[in-house]
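Here are my notes for your reading of this model. Please keep the structure open beside them and go through the points in order.

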Amino acid sequence: MYVDLKMRATINQKLTEMGERERLKELLRAKLTECGWKDQMKAHCKEVIKEKGLEHVTVEDLVVEITPKGRALVPDSVKKELLQRIRMFLAQHAT
Amino acid sequence: MSPAGCSHVNGYKVDNWKQNLRVIYQCFVWSGTAETRRRKAKSCICHICGAHLNRLHSCLYCVFFGCFSKKHIHDHAKNKRHNLAVDLLYGGIYCFVCQDYIYDKEMEQIAKEEQRKAWKLQGMLTDRSLDYYVSGIGEKYTTWEPTKRELELLRHNPKRRKITTNCTIGLRGLINLGNTCFMNCIVQALTHTPLLRDFFLSDRHKCEMQSNSCLVCEMSQLFQEFYSGHRSPHIPFRLLHLVWTHAKHLAGYEQQDAHEFLIAALDVLHRHCKGDTTHDNGKKANNPNHCNCIIDQIFTGGLQSDVTCQVCTGVSTTIDPFWDISLDLPGSSTPFWPLSPGGDGSAVNGESHLSGSTTLTDCLRRFTRPEHLGSSAKIKCGGCHSYQESTKQLTMKKLPIVACFHLKRFEHSAKLRRKITTYVSFPLELDMTPFMASSKESRMNGQYQQTVDVLNNDNKYALFAVVNHQGTLESGHYTSFIRQHKDQWFKCDDAIITKATIKDVLDSEGYLLFYHKQFLEYE
């Protein structure tokens with residue numbers, strides 16, 4: 001389904017306004033902790049810090065290093081559930 | 001990045017900077033109210049490209065939002081020499097001179113407070129249209145940061161205990177001080193009640209008693225002894241002395257009833273818990289019937305008694321608190337009608353019917369059946385204003401977190417004193433749904449529950465302790481089985497602890513059965 005940028009912005013606005021964005025974030029946080037994703041990322045961060053050295057590493061270094069891995073490791077079930085939740089929300093608040 | 005913060009924030013920390021920073025957090029990072037959320041939704045887009053993703057940051061010096069990923073905020077910082085920005089997603093402060101996120105103590109403090117505020121507001125959302133989700137409850141989870149004092153304590157006490165799935169910490173024998181096995185069994189059951197253990201091990205008791213005779217303090221000590229890792233049996237002489245002081249009817253060296261001891265102990269603990277019963281706003285609960293102490297939270301249930309007038313069918317309902325359910329057994333002098341096996345209760349709880357043996361569910365069904373009160377016990381009916389015959393029925397209005405079932409094996413009638421040794425089979429998992437007041441109401445309204453509502457987990461219980469009595473009324477001995485972790489059972493015979501199988505537990509006679517709710521909900 002093709003979602004253009006304007007629609008994206010509108011959806012985001014609606015989600016933020018109704019506080020749903022925050023709730024979804026918390027849900028996502030809980031799911032990612034449950035399935036061990038958070039621990040995997042933490043371990044990876046530690047490796048990067050070891051590599052770069054504690055005194056010199058920046059947040060940017062970490063972001064660059066772990067973003068691709070993080071995106072890849074999100075389980076499909078979590079993606080599905082979040083998508084389902086967003087769909088339900090939009091269905092209930094269709095204007 | 002150094003944890004000491006950076007010097008470039010000093011340029012920002014002038015005039016009313018704290019309030020300004022708070023406003024930024026409240027409006028654009030953690031928006032707690034509907035109004036701030038609306039404003040955030042409308043205005044938080046990049047001033048250069050209009051995107052709302054790409055790690056949006058807000059300048060701390062002026063009203064400017066810019067993408068981090070596309071470097072729009074970096075350009076702004078360079079052009080305007082505004083060196084600080086805040087990440088709208090996580091609230092981190094970025095310094096463009098240091099080229100990294102910085103952690104200034106004062107700013108972090110403000111950020112934490114604003115986040116907490118917003119979270120609390122979120123938790124109280126009453127938007128009913130979104131009730132398919134579970135709202136945020138209470139405080140948001142934050143990682144523990146030790147205070148100076150806590151760090152000191154940790155350094156002074158370097159020994160650490162690792163809890164693995166097989167470790168038997170919490171198991172300890174108890175010396176018999178002269179027919180005190182009745183007390184030892186109850187202590188074993190209580191020290192293995194998870195919520196009670198958590199309460200005491202997290203030091204939640206604040207003693208208000210002046211003297212040294214607080215039983216709750218003694219319980220706290222007992223938990224410390226049990227979870228200390230010592231394997232030698234503990235000598236509970238102080239506990240015994242306190243029990244004799246506060247429950248004089250149990251004093252002396254003769255054998256007492258474990259059930260009586262349980263009730264007396266819960267009563268004294270409940271009375272001594274006064275210091276711990278506070279409401280959220282700090283006011284103390286001085287109503288003994290609506291106490292919120294840990295004993296009430298765990299053990300108190302509500303028993304509903306419905307008296308139905310046979311003439312006008314008016315129902316008079318009372319609800320009484322209870323700490324245990326005493327069940328009559330077949331073979332006692334009170335009439336017991338053995339109910340046909342395979343009724344809905346035992347189907348739910350999967351008990352085996354060994355050629356007509358009684359099950360716990362049978363006893364519960366008998367307990368909750370309507371009882372005709374007879375012509376000699378007419379009740380004055382409020383509906384028809386006269387004395388009429390009536391039926392009385394007991395059901396569970398509110399279930400406690402820990403349900404204790406007392407099988408009435410000791411008969412003390414005028415005619416005889418004896419022990420009923422009939423075997424009663426009890427399950428590892430118990431569903432109390434058929435015995436609830438709400439189930440009775442649905443049945444009366446014609447909604448028959450043909451299948452068990454598997455989604456309703458509220459009424460499901462798991463067995464965690466069994467107290468048994470061996471011998472006769474005159475001379476007998478109490479032992480107990482207690483459960484650790486999910487399925488490790490141990491037999492506690494005063495000072496001797498041995499591993500037990502589930503079969504051992506379920507084959508035992510059963511006198512006191514302790515069940516724990518499987519799923520806990522917030523109130």
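1. In this predicted model, helix α1 (residues 5–17) of chain A and helix α2 (residues 20–34) of chain A have axes that come within 5 Å and cross at roughly 85°. α1(A) and α2(A) are therefore roughly perpendicular to each other (65 to 115 degrees; under 35 is roughly parallel, over 145 roughly antiparallel, and the rest oblique). Axes are lines fitted to C-alpha atoms, for helices over the stretch in contact, with angles from 0 to 180 degrees between N-to-C directions. Helices (H or I, at least four residues) and strands (E, at least two) are DSSP runs, numbered from the N terminus.

2. Which residues make this contact? From α1(A) they are N12(A), L15(A) and T16(A), and from α2(A) they are E20(A), R21(A) and L24(A). Contact means heavy atoms within 4.5 Å. By class, the contact of α1(A) with α2(A) has two nonpolar, two polar and two charged residues (nonpolar: Ala, Val, Leu, Ile, Met, Phe, Trp, Tyr, Cys and Pro; charged: Asp, Glu, Lys and Arg; polar: the others, Gly among them).

3. Chain B has a helix pair to look at too. The axes of α7 (residues 194–201) of chain B and α8 (residues 215–226) of chain B cross at roughly 95° and come within 9 Å; the two helices are therefore roughly perpendicular to each other. On the α7(B) side the contact involves L196(B), R197(B), F200(B) and L201(B), and on the α8(B) side V216(B), M219(B), S220(B), F223(B) and Q224(B). These divide into six nonpolar, two polar and one charged residues.

4. Now the interface between the chains. Here 27 residues of chain A are in contact with 25 residues of chain B. About 2300 Å² is buried between the two chains, with 52% of that from carbon and sulfur atoms. Buried area is the accessible area (1.4 Å probe) that two parts lose on being put together, summed over both.

5. How many salt bridges are counted between chain B and chain A? The count is one: R55(B) meets E60(A) at 3.4 Å, N to O. The rule asks for a side-chain nitrogen of Lys or Arg within 4 Å of a carboxyl oxygen of Asp or Glu.

6. On the side of chain B that touches chain A, α2 (34–43), β5 (100–102) and α4 (105–123) of chain B each supply at least two residues. α2(B) gives the most, with five residues. By class, that side has 13 nonpolar, four polar and eight charged residues.

7. On conventions: residues are numbered from 1 along each chain as its sequence is written, and chains are lettered from A and ligands numbered from 1 in the order in which they are written. Local features need pLDDT of at least 70 and side-chain atom pairs count only at pLDDT 80 or more, while totals for chains, interfaces and linings use all residues; side-chain values use heavy atoms, leaving out hydrogens and water.
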